Amino acid sequence: MSRTEAPIGAQEWVPPNAQSIDELKAAAANCRGCELYQNATQTVFGRGAPHAKIVFVGEQPGDVEDQQGLPFVGPAGRLLREAVDDAGIDPTSVYITNAVKHFRFEQRGKRRIHQNPGPAHIAACRPWLVAEFSLLQPQVVVALGATAARALFGPAFRVTRSRGQLMPWPASAQHPEDFPIAEIEALATIHPSAVLRADDRDTAYKGLVEDLRVAAAAVSG
Ligand code: SF4
């Protein structure tokens, strides 16, 4: 696939009857559904409990994640784990993934500068997310940040307007029939990296924890 062609999407790499996340992960390692695999080190698939009650969806792997092949292992991941703990969520009941599974960046000298994935990358990578949800059957999906929220709930969705609200799968979502939405509730909050960038980190962190407490309450009992 050349850089100028539109992404063909991940669908043909997704095993039709996958029985486990490990099977999906192994298949995703060879995905060529868009051009992002060309410069990234490796596919960074989701990880966590095989029957997670809560699934967190971020934007894409960062520099550290790309090198280690694991999601949320950099500074934002550490902060997320702390927030999960402070929100009273059992860390063994969660699964963490990204809307896009390869690192998109711009090379500047030796540095790799994060670039937001575009709508075409999000659409191309969506079959992996659908496959993950189908196997996991979570109770609550938490979108971390604007990119993940748009990927899941549609381009009209605004995190700033709706964060921290537990809701049925929003009507704004594109192709909601892709997801087993009848049983899933949705919640959006900020990305942990936004806390790290915030001028007032304490307040931003408290806001994140408060949002996550709503998810914790939804799966308790
Ligand atoms: S970003 Fe997603 S669709 Fe693109 S190559 Fe990677 S896994 Fe495949």
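Mentor: Gladly. Let's begin with a term: a pocket is an open set of grid points with protein on both sides within 12 Å along at least five of seven lines. Keep in mind that this is a predicted model. Its second largest pocket holds about 290 Å³ of space.

Trainee: Which residues lie nearest the centre of the second largest pocket?

Mentor: They are P119, I122, R150, A151 and Q174, out of 13 lining residues. Two helices, α4 (119–136) and α5, each give at least two residues to this lining, and α4 provides the largest share, with five.

Trainee: How does the lining of the second largest pocket divide by class?

Mentor: You will find eight nonpolar, three polar and two charged residues there.

Trainee: And what is the volume of the largest pocket?

Mentor: That one comes to about 790 Å³. Its lining counts 34 residues, and E59, H114, H191, S193 and R197 are the closest to the centre. Several elements each contribute at least two lining residues, among them the strand β5 (111–114) and the helices α3 (75–86), α5 (146–153) and α7 (192–197). Sorted by class, the lining of the largest pocket has 15 nonpolar, 11 polar and eight charged residues.

Trainee: Now the ligand. Where does it sit?

Mentor: Here the word to know is cavity: a set of points where a 1.4 Å probe fits but cannot get out. The ligand takes up the space of the largest cavity. Around the ligand you can find A10, C31, G33, C34, V100, K101, H102, A124, C125 and W128. This shell is made up of seven nonpolar residues, two polar and one charged.

Trainee: How many aromatic pairs are there?

Mentor: Two rings count as a pair if their centres lie within 6.5 Å, and the count here is five aromatic pairs. One of them joins F153 and F157, with 4.9 Å from centre to centre and 65° between the planes.

Trainee: Why is the pair of F153 and F157 called edge-to-face?

Mentor: The planes are 65° apart, and planes over 60 degrees apart count as edge-to-face, so the pair gets that name.

Notes
Residues numbered from 1 in each chain as written. Predicted model: local features only at pLDDT ≥ 70, side-chain atom pairs only at ≥ 80, totals over all residues. Heavy atoms only, no water. 1 Å grid on protein atoms, 1.4 Å probe; cavity = no way out; pocket = protein on both sides within 12 Å on 5 of 7 lines; lining within 4 Å. Points joined across faces, edges and corners; volume = space filled by probe spheres on them. Helix = DSSP H or I, 4+ residues; strand = E, 2+ residues; numbered from the N terminus. Nonpolar A, V, L, I, M, F, W, Y, C, P; charged D, E, K, R; others polar. Near = heavy atom within 4 Å. Sits in = over half its atoms within 2 Å of the grid points. Phe/Tyr/Trp six-rings, centres within 6.5 Å; stacked < 30°, edge-to-face > 60°.
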